[in-house]
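Please read it alongside the sequence and the coordinates.

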Amino acid sequence: MKYEWLDEYCLAKKGAVKDFKIEWDAVRYLVGDKMFGMQVKDKEKKAIITLKCEPPFGQMLREQYTDIKPGYYMNKQHWNSVYLDGDVPDDVLRQMVDMSYGLVFDGLSKSAQKQIMDAQT
């Protein structure tokens with residue numbers, strides 16, 4: 001995998017945990033029991049990470065980078081998959097992780113957000 005920093009970066013987010021979903025053969029990154037990222041292999045066995053994005057931003061990224069595709073096995077409007085052997089710049093992938101985490105975190109209840117924030121202090 002080209003992005004050796006990716007796992008550590010995802011887990012550095014407040015309240016982030018990872019698990020392995022056997023049924024999907026996938027590593028999931030979660031905050032408040034909600035997924036913000038998933039590493040899996042596509043049908044050609046190529047490693048990808050799927051992340052949530054604001055739809056206009058995700059569409060722009062897909063137009064700009066051939067290694068960013070609509071979300072694999074996910075809602076194609078809100079999720080995007082990045083090939084982990086591709087040529088997406090590190091800063092773009094970090095921005096995608098940040099956005100995905102933020103969108104999922106913001107969708108949690110206020111009490112769940114407070115619990116995560118309080119646990120990190």
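**Pocket, fold and surface**

Six nonpolar and six charged residues, with no polar ones, make up the lining of the largest pocket. The model is predicted. The points below describe that pocket and then the protein chain as a whole.

**Largest pocket**
- The space in the largest pocket comes to about 230 Å³.
- Its lining includes Glu-23, Trp-24 and Asp-25.
- Also among the lining residues are Met-38, Val-40, Lys-41, Asp-42, Lys-43 and Lys-45.
- Tyr-72, Tyr-73 and Met-74 line the largest pocket as well.

**Fold**
- The protein chain has four helices and six strands.
- Read from the N terminus, these elements follow the order α-β-β-β-β-α-β-β-α-α.
- The radius of gyration of the protein chain is 14 Å, close to the 14 Å that the globule rule gives for 121 residues, so the chain is as compact as a globular protein of that length.
- Along the principal axes, the C-alpha atoms of the protein chain fill a box of roughly 40 × 30 × 25 Å.

**Contacts, burial and surface**
- Taking contacts in the protein chain between residues at least 6 apart in sequence, 51% join residues at least 24 apart.
- Buried residues account for 44% of the 121 residues in the protein chain.
- The protein chain exposes about 7000 Å², and carbon and sulfur atoms supply 51% of that area.

How values were computed:
Residues numbered from 1 in each chain as written. Predicted model: local features only at pLDDT ≥ 70, side-chain atom pairs only at ≥ 80, totals over all residues. Heavy atoms only, no water. 1 Å grid on protein atoms, 1.4 Å probe; cavity = no way out; pocket = protein on both sides within 12 Å on 5 of 7 lines; lining within 4 Å. Points joined across faces, edges and corners; volume = space filled by probe spheres on them. Nonpolar A, V, L, I, M, F, W, Y, C, P; charged D, E, K, R; others polar. Helix = DSSP H or I, 4+ residues; strand = E, 2+ residues; numbered from the N terminus. Rg over C-alpha atoms; globule rule 2.2 N^0.38 Å. Buried < 20%, exposed > 50% of the residue type's maximum accessible area, 1.4 Å probe, protein only. Contact = heavy atoms within 4.5 Å. Areas by Shrake-Rupley, 256 points an atom, 1.4 Å probe, with all protein chains shown as cover.
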